Every structure is written in structure tokens, then in C-alpha cells.
Amino acid sequence: MAKPLLTDELWDRIEPLIPKRTSPTEKGGRPPVNDRAALTGILFVLKTGIPWEELPQEMNCGSGMTCWRRLRDWNAEGVWDQLHQILLAELNAADEIDWSRAIVDSGSVRAVGGGEETGPNPTDRRKLGTKHHVVTDGNGVPLEVQLSGANEHDINRLLPLIVNIPPVRGKPGRPRSRPDAVYGDRAYDSQPAREILRWLGIKPFLAKRGEEHGSGLGKYRWVVERTIGWFRQWRRLRVRYDRRDDIHYGFFKLAACL
């Protein structure tokens, strides 16, 4: 039997975060689509990759445009950011976050419609693309995700990824947002970045250009590559169809929570 797209357990965490809408006026009109039904439609588009306008009406999720607007509004309200922090806190309380190291990497996808946060992809005959930047803990749990054009150098996103890891609660004392060390491949080779990481109290383990393979860092970095592979299981993230970067980022952040 197929699993439900939106489980009761997940909905119980999301529902309190969704802003309450004003009730319909006395003038009547069609009642708004239920929030849970709209989120089910968003998850269906994320999972299958279908265009918004082809969302099946038999699912009773409202129109594709209704689900699109909900995704836009909830992303603007920071619903996915709040949900991400709640889930990280639960993992932290259960000692399921490995703070001994964080690993950074990125993956590019084609952006067929263009739009913001796109650029010529040097690995895809300079066709427009978007990069998904990810930093995970030592187990591969996504701590922060960001978007950029496919032509942006990875090193430009190293420090923004690290400093924007949200403060994670779940244990007594101050929330934690800094790993003990950061691992990255040769794309993150930068002496100034190493100095800043050390100033932040983080040990840098960034591969250097020009050195032979076999540094041994791969046995730690593979988890982020696996996590990026997990993101590709959501078909809406394999190819970027949305011109608006906030819509694509909303899908990306929601997938990180899932």
C-alpha cells in the first residue's frame, strides 16, 4: 500500500506554523481550500515534478495556482525555516546530530525557464542552471541549504552556509550552530576562508588544488554527496522549472525538512 504524501505526524508539526487566514466575508463566495489539502498538492508536485496546471482535480487539493500561492506565501512567512529548526531540535535532543564535523558541497540542475539565481552552467555547455548548496552534519542531515547561479564558484557560498546554520535547540544551555570542523573538496580551497573558519573556532579541512587524490577526506565528505542524491529523488528538484527563485527555494527547503 502506498504511503500517504502528508502523514498525521508531519502535519501535526506544520499546522501550528501556518498563518491563520481571515474567515470568508458574509458576502459569500467559494470557501478557501483547506491548508492540509493544499500542502498535499504541493508535495505531489514536488515528488512527481508535474506542472502546476496538471495537478489532478481528483485529489481535491484545489487548483495548481492555489497550491502555488500557498507555497509562495508560506515560504515568505518562514514556515519551512521554522519547521526545519523544530526538526533539528528534535534530532539534537535525541543525540542524532553529529557536531564533530560539517560537510559542504553543491550540485547543479538545469533551469529550463531561466529566472533569478540562474547562470550559464560550465559543465552543461553553458546552458542556464541553478546550484543547490548544502551543508550537512557528520551524518548527512542538512543543516542549511542555499541557491545560486550555476556559474557561481562554490567558495563564495562556504562562509554564508556556515554562518547561516540556524541555532539548534533541544538540549539545556545555549543553542548550538557551529560544528567543530568543516570538510570540503578542492572547490573550497581558500586560505582566507580557512583563517575565518579558525577565527570562528572551526577547524578547516579543505582539500587543496594541485595535490594528488587520496587525501582521505572522502571518507568524511561522502555523506553530503549522498544527501544531494536524496534531493534528486524529488523530481521537481532534478530540473528547475520555476522562474521565481523563492518558489524553487521553497521546494528545496521543504525537501530538506522531509
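## A quick tour of the predicted model

Arg236 sits in the loop between α7 and β7; helices here are DSSP runs of H or I with at least four residues, strands are E runs of at least two, and both are numbered from the N terminus. This is a predicted model, where local features need pLDDT of at least 70, side-chain atom pairs count only at pLDDT 80 or more, and totals for chains, interfaces and linings use all residues. Residues are numbered from 1 along each chain as its sequence is written, and side-chain values use heavy atoms, with hydrogens and water left out.

**Arg236 and its surroundings**

- With a relative accessibility of 4%, Arg236 counts as buried; the cut-offs are under 20% relative accessible area for buried, over 50% for exposed, and partly exposed in between, using a 1.4 Å probe and protein chains only.
- Its side chain makes a polar contact with the side chain of Asp242, at 3.2 Å.
- A polar contact is a pair of N or O atoms within 3.5 Å; within protein, one must be able to donate a hydrogen and the other to accept it, and residues adjacent in sequence count only if both atoms are side-chain atoms.
- Setting aside neighbours within four places in sequence, Arg236 is in contact with Val45, Leu46, Gly49, Ile50, Pro51, Trp52, Tyr241, Asp242, His248 and Phe251, where contact means heavy atoms within 4.5 Å.
- Lys47 lies over the face of Trp234, 5.7 Å from the ring centre; the rule asks for NZ of Lys or CZ of Arg within 6 Å of the ring centre and within 35 degrees of the ring normal.

**Strands and how they pair**

- Strand β1 (residues 102–111) is mostly covered, with eight of its 10 residues buried.
- Strands count as paired if DSSP finds at least two bridges between them.
- β1 runs antiparallel to strand β3 (residues 128–137) over nine bridges, and Ser108 has Lys131 in β3 as its bridge partner.
- β1 also pairs in the parallel sense with strand β5 (residues 181–184), over two bridges; here Ile103 is partnered by Tyr183.
- Another parallel pairing, again over two bridges, joins β1 to strand β7 (residues 239–240), with Val239 as the bridge partner of Arg110.
- β3 and β4 run antiparallel and are joined by seven bridges; His133 stands opposite Gln146 in β4.
- Eight of the eight residues of β4 are buried, so the strand is largely enclosed by the rest of the structure.
- As a rule, side chains in a regular strand alternate between the two faces of the sheet.

**Aromatic rings**

- The count comes to five aromatic pairs; rings of Phe, Tyr and Trp (its six-membered ring) pair if their centres lie within 6.5 Å, and planes under 30 degrees apart are stacked, over 60 edge-to-face, and the rest tilted.
- One of these pairs is Tyr183 with Phe205, stacked at 4.8 Å centre to centre and with 15° between the planes.
- Tyr183 lies in strand β5 and Phe205 in strand β6 (residues 203–206), so this pair ties together parts that are 22 residues apart in sequence.
- Tyr183 is buried at 9% relative accessible area, whereas Phe205 is partly exposed at 32%.
- The rings of Tyr183 and Tyr220 have centres 5.0 Å apart and planes at 45°, so that pair is tilted.
- This pair links distant parts of the chain, as Tyr183 is in strand β5 and Tyr220 in helix α7 (residues 218–231), 37 residues apart.
- Tyr220 is partly exposed, at 26%.
- Together, Tyr183, Phe205 and Tyr220 form one aromatic cluster.

**Nonpolar cores**

- A nonpolar core is a set of buried Ala, Val, Leu, Ile, Met, Phe, Trp, Tyr and Cys residues joined through side-chain atoms within 4.5 Å.
- The largest one has 42 residues, of which Leu39, Ile42, Trp52, Trp74, Trp80, Phe231 and Phe251 touch the most other members.
- Elements that each supply at least two residues of this core include α1 (8–14), α2 (35–48), α3 (64–76) and α8 (245–257), and α8 gives the most, with seven residues.
- A second, separate core of 19 residues includes Leu88, Ile97, Ala102 and Ile162.

**Around Val79**

- Val79 is in helix α4 and is buried, at 1% relative accessibility.
- Beyond its neighbours within four places in sequence, Val79 is in contact with Leu17, Ile18, Pro19 and Trp74.
- Val79 and Gly250 are 171 residues apart in sequence, yet 9.5 Å apart in space, C-alpha to C-alpha.
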